[in-house]
Amino acid sequence: MEDGVSLRTSRLLLRPWRASDRALFAELNADPAVMEHFPAVLSREQSDAAAEGIQARLAENGFGFWAVEVVETGTFIGFAGLSRPRFDAHFTPAVEIGWRLARHAWGHGYATEAARTAAAYAFDRCHLAEIVSFTSRTNTRSRAVMRRLGMRYDSADDFDHPDLPEGHPLAPHVLYRLAADDV
């Protein structure tokens, strides 16, 4: 998919996916550290299917999880952007802001930079009143990104992810919110 919206920062390009992204996406989805807060690592087939779904939702919605590359090197490092959760919860329907980056891209501020750009797109171009982000309670790295974005946390919004079995250690999730008026 080469057509569609692209967003740029001084260091990053959030763009439609390319076939060449698939192998690197599969590598990051197979990395146990990257997938620590997900139920399992993904096989190449599962990763390719996820990429296809992401591409389809980008085309369908005009926004989605864009491929993220470092401008200086052209290196694909993961994804960031907006998505509509496909499960029922007390906060849905909603638009989620999310990210997943290769381990070598951690610690450079890329997740926050990409997410901030996607949030601006959500409010300025899509005219959304609010976006949400959620993760397992134990995911301190993503929670730190949410706080850096200015998202608000209220423990009353905590929930068990409905796609995980009851009692699963990753089921307890936190929800953060960011309203257009807060930006």
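This note goes through aromatic pairs, charges over rings and salt bridges in the structure above.

1. The model is predicted, so local features need pLDDT of at least 70 and side-chain atom pairs count only at pLDDT 80 or more, while totals for chains, interfaces and linings use all residues. Residues are numbered from 1 along each chain as its sequence is written, and side-chain values use heavy atoms, with hydrogens and water left out.

2. The structure holds 13 aromatic pairs, a pair being two rings of Phe, Tyr or Trp (its six-membered ring) with centres within 6.5 Å, where planes under 30 degrees apart are called stacked, over 60 edge-to-face and the rest tilted. One of them joins Phe25 and Phe76 edge-to-face, with 6.5 Å centre to centre and 90° between the planes. This pair links distant parts of the chain, since Phe25 is in helix α1 (residues 21-29) and Phe76 in strand β4 (residues 75-83), 51 residues apart; helices (H or I, at least four residues) and strands (E, at least two) are DSSP runs, numbered from the N terminus.

3. Phe25 is buried at 1% relative accessible area, and Phe76 is buried at 5%, where buried means under 20%, exposed over 50% and partly exposed in between (1.4 Å probe, protein chains only). Both residues also belong to one aromatic cluster with Trp17, Phe65 and Phe79.

4. Arginine side chains also meet rings here: the charged end of Arg100 sits over the ring of Phe38, 4.4 Å from its centre, and that of Arg143 sits over the ring of Tyr153, 5.1 Å from its centre. The term requires NZ of Lys or CZ of Arg within 6 Å of the ring centre and within 35 degrees of the ring normal.

5. There are 11 salt bridges in the structure, each defined by a side-chain nitrogen of Lys or Arg within 4 Å of a carboxyl oxygen of Asp or Glu. In one of them Arg103 meets Asp31 at 2.8 Å, N to O. Arg103 lies in the loop between β5 (96-101) and α3, and Asp31 in the loop between α1 and α2 (44-61), so this bridge ties together parts that are 72 residues apart in sequence. Arg103 is partly exposed at 46%, whereas Asp31 is buried at 14%.

6. Asp157 and Arg177 form another salt bridge, also at 2.8 Å, N to O. It links the loop between β7 and β8, which holds Asp157, to strand β9 (residues 172-179), which holds Arg177, 20 residues apart, and both residues are buried.
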